[in-house]
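Me: I have a structure to learn from. Please take me through it in questions and answers.

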Amino acid sequence: MASSPIVTGLLAYGMSGRIFHAPFVALNPGFELRAVVERHEKKAARDYPAVTSYSSVEKLLKDTAIELVIVNTPPYTHFDLAKKALEAGKHVLVEKPMVTTSEEVKTLYDLARSVGRHLMVYQNRRWDSDFVSMKKMIESGRLGELIEVHFRFDRYKTALSPKIFKETKSFAGSGLIYDLGPHLIDQAISIFGRPLSFSKTKGVYRENSEVPDYFHFHVKYPNQLNVYLTSGLLIAEPTPSFVAHGTLGSYLKNRVDVQEAQLDKGIWPNVPEYGFEPEGEEGLLVTFDENAHKITEYIPSERGNYMHLFDAVNHTIRNNALYPVTEEHIAWQMELLES
């Protein structure tokens, strides 16, 4: 017997609500998009005429029909809003960074257990086409024993963001480390698990910036595996974002997942071309045969699809399944972020 759809509310309908959440909740038969919070301009009804627009979080949380609340607000608000939602008896899906300290992580997961609700973190880039392709190559064994692996997330933005909470050090979770760091750290943890040790470098290079706009983690794993996580906002010509070197070969892959751009153009996950990278962006695999001849192959990319994350959310809530981004993963992530 099919379960009823999970009645869902969004706490904001800005870029993240419009692109990363609403289309998936609306299309997935396991969900019903019931309400959003819009304090000022009411935009959601243009795309979803049946949705209820509340003027405050408090009003949405009083809607007894809502089972799941998606906390897609600025990072400095995540802890308080997730806490309020759990206390209101809602399941919670919260964007990265989940919160900004290890103490807050423990507090929220303990609260979720005490009220019998699920707390989940939106780490969508586990389902990027480029990362899925990298993960598949690593797990295939074609590279042999891994020696070093690189994950990069680079941009070239000289101007400060107009979003003050991203650029002001008085806001918890500001700066590039908390913005893009959770993506890179989660990708590494999802493949390799908890690091043995790590070192961290950060810098501030943009004019008038007061928060880090560059970071680099050197993360060490068993069997002498070195993993490097790097991001910068002044990288004019990015190098491949996914690089793995092993005893049998090397794999290089650009960061070219198309989902965000497609969703922004109104190309939804239910169309055939969704999530497929353009031709010419295949990963490069270099190996040697038994005669030491170099072999170069271009490996087609896997399809990216954030809908898998929402399928996991549904499976967790309806069947009490283990959500793939676990409490331990977030605790390990936070060790690196707040170090």
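Reply: Start with a definition: buried means under 20% relative accessible area, exposed means over 50%, and partly exposed lies in between (1.4 Å probe, protein chains only). This is a predicted model, where local features need pLDDT of at least 70, side-chain atom pairs count only at pLDDT 80 or more, and totals for chains, interfaces and linings use all residues. Residues are numbered from 1 along each chain as its sequence is written, and side-chain values use heavy atoms, with hydrogens and water left out.

Me: Is lysine 96 buried or exposed?
Reply: Buried needs a value under 20%. Lysine 96 has a relative accessible area of 15%, so the label is buried.

Me: Which residue does lysine 96 meet in a salt bridge?
Reply: Side chains of opposite charge can pair when their charged atoms come close. A salt bridge here is a side-chain nitrogen of Lys or Arg within 4 Å of a carboxyl oxygen of Asp or Glu. For lysine 96 the N to O distance is 3.1 Å, and the partner is aspartate 179.

Me: How many residues apart are lysine 96 and aspartate 179?
Reply: The pair links distant parts of the chain. Lysine 96 is in the loop between β5 (91–95) and α5 (102–115), and aspartate 179 is in helix α8 (residues 176–179). Helices (H or I, at least four residues) and strands (E, at least two) are DSSP runs, numbered from the N terminus. The two residues are 83 residues apart.

Me: What is the relative accessible area of aspartate 213, which meets arginine 206 in a salt bridge?
Reply: Aspartate 213 and arginine 206 come to 2.9 Å, N to O. Arginine 206 counts as buried because its relative accessibility is 6%. Aspartate 213 is buried too, with a relative accessible area of 2%.

Me: How many salt bridges does the count come to?
Reply: Arginine 152 and aspartate 154 form one, with closest N and O atoms 2.6 Å apart. Lys106, Asp110, Arg113 and Glu327 are linked in a network of salt bridges. The count comes to 23.

Me: Which residue in β9 is the bridge partner of threonine 201?
Reply: β8 and β9 pair in the antiparallel sense over seven bridges. The bridge partner of threonine 201 in β9 is histidine 216.

Me: Is tyrosine 205 buried or exposed?
Reply: Tyrosine 205 is found in the loop between β8 (197–203) and β9 (214–221). Its relative accessibility is 56%, so tyrosine 205 counts as exposed.

Me: Which residues does lysine 83 touch, not counting residues up to four places away in sequence?
Reply: Lysine 83 is in helix α4 (residues 78–87). With a relative accessible area of 28%, lysine 83 is partly exposed. Its contacts are Leu108 and Leu111.

Conventions. Pairing = 2+ DSSP bridges. Contact = heavy atoms within 4.5 Å.
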